[in-house]
Amino acid sequence: MSELVTCQIVNKVATITIQNGKVNAISHQVVDELNQALDQAEQAQAVTVLTGQPGIFSGGYDLKVMGESMDAAMALVEKGTTLTRRMLAFPYPVMVACSGHAIAKGAFLLLAADYRIGVDGAFKIGLNEVAIGMTMHFGGVELARGRLAPVFFNRSVILAEMVSPKEAVTAGFLDKVVSEAEFAPTVQAIAQAMTKLDMKAHHQTKLKARAELLQTLDECIEKDRHSSL
C-alpha cells in the first residue's frame, strides 16, 4: 500500500503533507495516516503544519467511499470528524498551509486548525455538500458554526457558497493569504514563531477556549453515528 501522507520533522516543526491523487481525497487510509503523523508530531512536541500538493489542499472525502453505501459514508464521516476534533484539542499548535483548493472536508480541516495560511490564486474554498446532494452531518454544521464568521455561516453551510482565498479570510476559513513566492517562507516563519510558545499554557488555554465546541462535537459524533446523510 502506497504512502498517502508524509511527515517530516525539522527544528520542532512537523510538516504533514497529503498526497492522494489529483484532488487529494480524504479516504480511510488518509485519515489513518494523518493520525499516525499527528502521533509523530505529538511525540516530538512539534508545531504541526498540515499541507497538500501545489494547487490542491484537498477536494474532500473520497467519493468512491461516499457513494458505496450509507454505512460506508457515515463510517468515513465519523472517522473524519474524530480527526478534526483531535486537531482542535491537539497539545501543540496546528497550522494548515492551504496550497490551493480546499473543498468540503478540505475546508473542514481548515476550520479545525489554530492558524490557516493560504496561497493566493484562482482557487475555491468552501463547503459544497448541499450543492452535490449531501445533507451536512451534525459535526460539520457545528464545526462551521463554531469557527466561521457568523455572516458567512448560512452562506457556506446552507447555500454552499464558494469563496476565493482572499474572501476566505473574511469568511473565517483562512487567517492570512500570501503570494505563491511568499507562501513557503511565510509558513516556515510563522511555524518557527509558534515554537516559542509555552506549550503547556497553549494547550490548557486552547482546551478552555474550545471546551463548549469540543463537547458539542463529541455529542455530534454520537448523533451522526445513528444518522444518515
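**Exercise 1.** Which residue in S2 is the bridge partner of Val10?

*Solution.* The model is predicted; local features need pLDDT of at least 70, side-chain atom pairs count only at pLDDT 80 or more, and totals for chains, interfaces and linings use all residues. Residues are numbered from 1 along each chain as its sequence is written, and side-chain values use heavy atoms, with hydrogens and water left out. Helices (H or I, at least four residues) and strands (E, at least two) are DSSP runs numbered from the N terminus. Val10 has Val13 of S2 as its bridge partner. S1 and strand S2 (residues 13-18) run antiparallel and are joined by 6 bridges; strands pair if DSSP finds at least two bridges between them.

**Exercise 2.** State the strand order of the open sheet of 6 strands and identify its edges.

*Solution.* The order is S1-S2-S3-S5-S7-S9, and the pairing is mixed. Strand S1 (5-10) and strand S9 (176-178) each have a single partner strand, so one side of each lacks a neighbour in the sheet. From one strand to the next, the twist averages 20°.

**Exercise 3.** Describe how S6 pairs with S4 and with S8.

*Solution.* Strand S4 (residues 55-58) pairs with strand S6 (residues 100-103) in the parallel sense over 3 bridges. S6 also pairs in the parallel sense with strand S8 (residues 125-126), over 2 bridges. Ala102 in S6 stands opposite Ser58, and its bridge partner in S8 is Ile125.

**Exercise 4.** Determine the relative direction of H1 and H3.

*Solution.* Two packed helices are described by the angle between their axes and the distance between the axes. The axes are lines fitted to C-alpha atoms, for helices over the stretch in contact, with angles from 0 to 180 degrees between N-to-C directions. Those of helix H1 (residues 28-43) and helix H3 (residues 70-88) come within 10 Å and cross at roughly 20°. H1 and H3 are therefore roughly parallel (angles under 35 degrees; over 145 is roughly antiparallel, 65 to 115 roughly perpendicular and the rest oblique). The contact (heavy atoms within 4.5 Å) includes Val31 and Leu34 of H1 and Ala72 and Leu76 of H3.

**Exercise 5.** Determine the relative direction of H5 and H10.

*Solution.* The axes of helix H5 (residues 138-147) and helix H10 (residues 211-225) come within 8 Å and cross at roughly 160°. H5 and H10 are therefore roughly antiparallel. Among the residues that meet are Phe138 and Leu143 in H5 and Leu213 and Leu217 in H10.
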